[in-house]
Amino acid sequence: MLLKEVFSKIYKESFTKENPTWEREYNYENEDLLKEIDLHFQFEIRNLFTINNESERTIKILNEHFDQIIERKNSPNSTPLEKEFFYYIQFISGLSTITQLNYDGEFIYCFGIFMRSVFDKTYKNGEVYDLKDIKIFKLLNSKSDYLSNCYPVIEQWFSQLYYYSKSFSGLNDWCEYYFEDIFYELNENLNIEEYHPQFLSNLLSWCEVALKKIESNAVRKIIQREYDAIDWSDNFNKNKIKSGLGIQLILCKNYENDNKNKILQEIENNIDIHAGIKMQAIIALCFDEVSLDANYSLLIDSIRSFNEYIKIEYPNNIDSTYQRARIFKSLLNGIISLTIELGKGKIIDEILTSYYTITEPYEEGIIYIITNLKEKVTYCLPEESIFDQKDSQKIIVNLIEIENKVFNSFRLLKGGFTKKIIPTEKPIGFPESKYSKIYENKLNELYNFDLLRDKLINIGSLIQFDFNSTPIQTLMLRNIGITLPLNLSLSKKLDFPETKNVLFWSGNSLTSEIETISLKEIFSSQEINFEIHNESNSNLENFINQIDILNPEIIWISSHGQHEHYEPNSSQIHLSNEISIKIRDFHLLKNKNKKRRLLFFNVCEGGTHAQTGEFKNIGFPNLLTSENQDVISHLWMVDSNFAYIFGILFSIGVCFHKKNFFESYCYSLLVIMRGKESILNNLNELPLELSELKDRIINNDRTEWKNLVTIGSPVYHI
């Protein structure tokens, strides 16, 4: 058989079918061929990611490739050596895929690929498996010389594992299980190669994130030892290794701060530094107020240089979003945490606008909330920080445990916290309102918005790091009667317009009809054009074209949303069973006009981000908010009876109370959280019939109007 027949699944999708390797005769005993196949699959997998430019498509292809490898490996006709051959191909295919995903910041896909690289199936979160069943080290005992010398490949796989775990909290138990063996080999038998500085960096970062001080110091000593053993010279490879080790010393949290500038200067004198690495190194130079002042202009310049690199290398908006999110933790854990401690919110403003290339920054004050600094929750205003002293990290551990129950999710925490994952048969993100009270109580234990009651006069928006999935706006309204929009665009906003045109898509949800009828009556009564599209009278192309023709102040979609928690690039808003707007189609809804517009996605999970723990990541709000566009949607799967009432009361705020979009958002939630009587009273004050709507509300005894899980999902982004 030819290789293209043995590996037909990936060959079928290959962009280099003319490569002569595909025509080679399959022979697992041929050592030279094995090396050629190894290099060939590295190239093929990288090529699939690059040319497809859609990870979700490439992952699907590679899963078929894994299926074929595993089937051949487990064939009763395979010899022991042949089984080892296929296991190695399975392993290196996983390594190549994970390396690309980690580099691209698409961590959400890594869990499944790590599983596929060493197991015959992908275990779901919470499923029980035994790490002793991972056989990678047995390859070192193979009769094949090539396979028995594959330890460098194994090390590179572990490097990617520790990078993934420290970045995304996944597979921490794997890292714990293998740490001692990995450390022993690095400490006792290290013959340093080009990949080792990154491996040591990933191992050290994992130790630091997991709060392993003894292990961190031990790994740092290896890095220092190897750095000191290499002299700067005319040998480019040696200089590259030494510079990589030096960068890791600069990034060490527990390294002598006075030496960091000296090492960076040495490195820059001997080798060019990647823009992203240089930015992270300069962040590490800013460790207190004095060093921040001394290095501030250098920091901003390095951030801007990094952005120039991103614009050139990642012109695709989704790719650049992943890249910035991948590196953002360096900013958050370093310079942003420092400036929050110093109470210098205006510095954070400049750092973020530089990092995200904002040409006209937001001019009103921003309050930054960070909940997981040691023993406090911090509210950072432009000129001061308010510290709420409490054991916030312990509260967060308990909160995440409750949140996983409430939303049938599997969120994990970094920092050495271990919690057992409890499997669920319900969809991820499905809300359980029965846990609402304990969820709200724990949130109120974490946040104290009373501290902000007198501080919000000159503040226009808020940004919360790490916990961007909590219903913070509803919680603020419930506690102090006021909230702020969540700022994603960081841009100076245009003025709110007068609403004259609403472009509405009516989907096929259970409440779409009553929502459509009620909204038409409300908007029409104020002579506001309310144009209705649905699958019987329109399609996606007509709907998008009508945006340009009508230039509406509000684009309103009432239908179904689908956030794919394990495949966020496939998230979409379903207009009907046949029509949808996929996350990669977000550009269709970008505002091209110099007028502020609202996108109202009254759909499930339309306000969700791909990953927690970041500031801006993959999701409709982040991709669509701008200086001229706001987004309202829901953080989780929303109760349909609540959703349409929320929308109707929003429209009343706009039409009858002449409120702007954000004021109408607040008005709607405040009315609802006071209960059914409050909703009916507000409707009865209007010079409208709305008889069917009122009857529905009166006869609805199922919806819990004061339940946070029921009513907490709406989120307003600017």
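This is a predicted model: local features need pLDDT of at least 70, side-chain atom pairs count only at pLDDT 80 or more; totals for chains, interfaces and linings use all residues.

Visitor: Which helix gives the most to the lining of the second largest pocket?

Guide: Residues are numbered from 1 along each chain as its sequence is written, and side-chain values use heavy atoms, with hydrogens and water left out. Helices are DSSP runs of H or I with at least four residues, numbered from the N terminus, and H15 (289-313), H16 (317-342) and H23 (620-624) each supply at least two residues of that lining. The helix that gives the most, with four residues, is H16.

Visitor: How do the residues of that lining divide into nonpolar, polar and charged?

Guide: Ala, Val, Leu, Ile, Met, Phe, Trp, Tyr, Cys and Pro count as nonpolar, Asp, Glu, Lys and Arg as charged, and the others, Gly among them, as polar. By that scheme the residues of the lining of the second largest pocket are eight nonpolar, eleven polar and nine charged.

Visitor: Is glutamate 5 buried, partly exposed or exposed?

Guide: Glutamate 5 lies in helix H1, residues 3-6. Buried means under 20% relative accessible area and exposed over 50%, with partly exposed in between, using a 1.4 Å probe and protein chains only. Because its relative accessible area is 39%, glutamate 5 is partly exposed.

Visitor: Which residues is glutamate 5 in contact with, leaving aside its neighbours within four places in sequence?

Guide: Contact means heavy atoms within 4.5 Å. Beyond those neighbours, the residues in contact with glutamate 5 are Gln68 and Arg72.
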